[in-house]
Amino acid sequence: APPLTNLCANPGFETGTSGWSGFSSATLSRVSGGRSGGYALQVRGPSSTSSFGADDNPNWVSPVAGVGRVYRYTVWVRSASNKGRARSSSADPWEA
């Protein structure tokens, strides 16, 4: 099998928050203490909404990357305050 390729150009936020944007008025910042590198993405939401997060911008994977191709992703989440819950935008692999 061919080696897996990470299609995300900034997965560990080693180059700041480039390629990522907040949604629902979320504020993004790079902080120390990453899982696979020196940094992580801190996402802070406004007090007026319960749903907020981060999105790749522009999209790292083009919706027309290939018919029948399956993409899998993983995220690692931690919370300093142990409040709320984390959800990905899709529980199933995205399929082109």
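Predicted model: local features only at pLDDT ≥ 70, side-chain atom pairs only at ≥ 80, totals over all residues.
Q: Why is Asn10 called buried?
A: Its relative accessible area is 5%.

Q: What makes the link between the side chains of Asn10 and Thr15 a polar contact?
A: The two side chains come to 3.2 Å, and the cut-off for a pair of N or O atoms is within 3.5 Å. Asn10 also touches Gly16, Thr17, Ser18, Trp20 and Trp60, among others.

Q: Why is the aromatic pair of Phe13 and Trp20 called tilted?
A: Their ring centres are 5.5 Å apart, and rings pair if the centres lie within 6.5 Å. The planes stand at 55°; under 30 degrees would be stacked and over 60 edge-to-face, so this pair is tilted.

Q: How do you know whether Phe13 and Trp20 are buried or partly exposed?
A: Set each value against the 20% limit. Phe13 has 13% relative accessibility and is therefore buried. Trp20 has 22%, so Trp20 is partly exposed.

Q: What makes Arg30 count as lying over the face of Tyr39?
A: Arg30 is at 3.6 Å from the ring centre, where the rule asks for CZ of Arg within 6 Å. Arg30 is also one of the residues that Tyr39 touches, along with Phe13.

Technical notes:
Residues numbered from 1 in each chain as written. Heavy atoms only, no water. Buried < 20%, exposed > 50% of the residue type's maximum accessible area, 1.4 Å probe, protein only. Polar contact = N/O pair within 3.5 Å; in protein donor to acceptor, adjacent residues only side chain to side chain. Contact = heavy atoms within 4.5 Å. Phe/Tyr/Trp six-rings, centres within 6.5 Å; stacked < 30°, edge-to-face > 60°. Lys NZ or Arg CZ within 6 Å of the ring centre and 35° of its normal. Lists of a residue's contacts leave out its neighbours within four places in sequence.
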